[in-house]
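My notes follow in the order I looked things up.

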Amino acid sequence: MKNLKQRLSYLLAADESVENRLKKICVLLDQEIPYYNWTGFYFRNGDKEELVLGPYVGAETDHTVIPFGKGICGQVAVSGETFVVPDVYSQDNYLSCSIDTKSEIVVPIFKDGKNIGQIDIDSHTIDPFTDEDTELLEWLCGEVAKVL
C-alpha cells in the first residue's frame, strides 16, 4: 500500500482541477484494488443536510443526492465516523445502488473540524475490507481535505 499512497499523493499534487484529481483517484483505486467495484466521493451540499455525488468510477447510480441519516453514506454524514459494512443486506438502513453490491466502506472527510464529505466504496465481495483499507482511506481523506 505504500506505493499506492505515493501514487495517490502524486495525483493529489497535480496541477489540475480538484474534480479531475478526485476522478483520477477513483480510477486508480478501482484499478489497483480488485474488490473495489464502485468508488466515489460525496460532498455536503452547502448548508443543506444532504450529500451530493461527486467524481466516481463504477456503475451509474440513482443516488446522486442522499439526505443525512439515509443509507450508510447518510449515517456517516451524521456520525462523522468510518463505517465498514461487511454485508449490506444485514443493514436495515442500506440504500441499494446495485444488486451486485455485497459490502461497503464509507470514510468521512473533515476540513476545519467539519464533516464536509466522504469516500464511498462498494464491493461485490462479502466482507473484503481490512484494517489496511480503513487506514489507507482515512489517510486519503485527510490528504483530500488539504486540497479542498
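This is a predicted model: local features need pLDDT of at least 70, side-chain atom pairs count only at pLDDT 80 or more; totals for chains, interfaces and linings use all residues.

Entry 1, pairing. I then looked for what faces R44, and found R44 opposite L51 in strand 2. Nearby in my list, Y42 has L53 of strand 2 as its bridge partner. I looked up the whole pair next. Strand 1 covers residues 38-44 and strand 2 covers residues 50-57. They run antiparallel, and five bridges join them.

Entry 2, the hairpin. I checked the link between strand 1 and strand 2. Five residues lie between the strands of this hairpin. One of the residues I looked at there was G46, which takes a positive phi near 60 degrees.

Which strand does T39 face, and at which residue? I found T39 opposite I121 in strand 6. Strand 1 and strand 6 are antiparallel, with six bridges joining them. I then asked how many residues of strand 1 are buried. The count is six of its seven, so I cite the cut-off: buried means under 20% relative accessible area. Strand 1 is mostly covered.

I traced the strand order as 3-2-1-6-5-4. The sheet is open, has six strands and pairs in antiparallel fashion. The edges are strand 3 (65-67) and strand 4 (83-85), each pairing on one side only. From one strand to the next, the twist averages 25 degrees.

I looked up what helix 2 (residues 18-32) touches. It packs on the sheet against strand 1, strand 2 and strand 6 (114-123). The direction of helix 2 makes about 60 degrees with that of strand 2. Helix 4 (residues 131-147) packs on the sheet too, touching strand 1, strand 4, strand 5 (103-111) and strand 6. For helix 4 I noted about 35 degrees to the direction of strand 5.

I found Y56 in strand 2. Leaving out residues up to four places away in sequence, Y56 touches K23, C26, W38, T39, G40 and T61. I also took the distance to V27. Y56 and V27 are 29 residues apart in sequence, yet 8.0 Å apart in space from C-alpha to C-alpha.

The axes of helix 1 (residues 2-13) and helix 2 come within 9 Å and cross at roughly 160 degrees. Angles over 145 degrees count as roughly antiparallel, and helix 1 and helix 2 are therefore roughly antiparallel to each other. Their crossing is right-handed. Helix 1 brings L4, R7, L8, L11 and L12 to the contact, and helix 2 brings R21, K24, I25, L28, L29 and E32. By class I noted seven nonpolar, no polar and four charged residues.

How far apart are the axes of helix 2 and helix 4, and at what angle do they pack? The axes are 11 Å apart, and the angle is about 165 degrees. That makes helix 2 roughly antiparallel to helix 4. Helix 2 passes helix 4 in a right-handed crossing. On helix 2 the contact uses V18, R21, L22, I25 and L29. On helix 4 it uses L136, L137, L140, V144 and V147. By class, this contact has nine nonpolar, no polar and one charged residues.

Note on methods:
Residues are numbered from 1 along each chain as its sequence is written. Side-chain values use heavy atoms; hydrogens and water are left out. Two strands pair if DSSP finds at least two bridges between them. Helices (H or I, at least four residues) and strands (E, at least two) are DSSP runs, numbered from the N terminus. Axes are lines fitted to C-alpha atoms, for helices over the stretch in contact, and angles run from 0 to 180 degrees between N-to-C directions. Contact means heavy atoms within 4.5 Å. Angles under 35 degrees count as roughly parallel, over 145 as roughly antiparallel, 65 to 115 as roughly perpendicular and the rest as oblique. A crossing is left-handed if the near helix is turned anticlockwise from the far one by less than a right angle, and right-handed if clockwise. Ala, Val, Leu, Ile, Met, Phe, Trp, Tyr, Cys and Pro count as nonpolar, Asp, Glu, Lys and Arg as charged, and the others, Gly among them, as polar. Buried means under 20% relative accessible area, exposed over 50%, partly exposed in between (1.4 Å probe, protein chains only).
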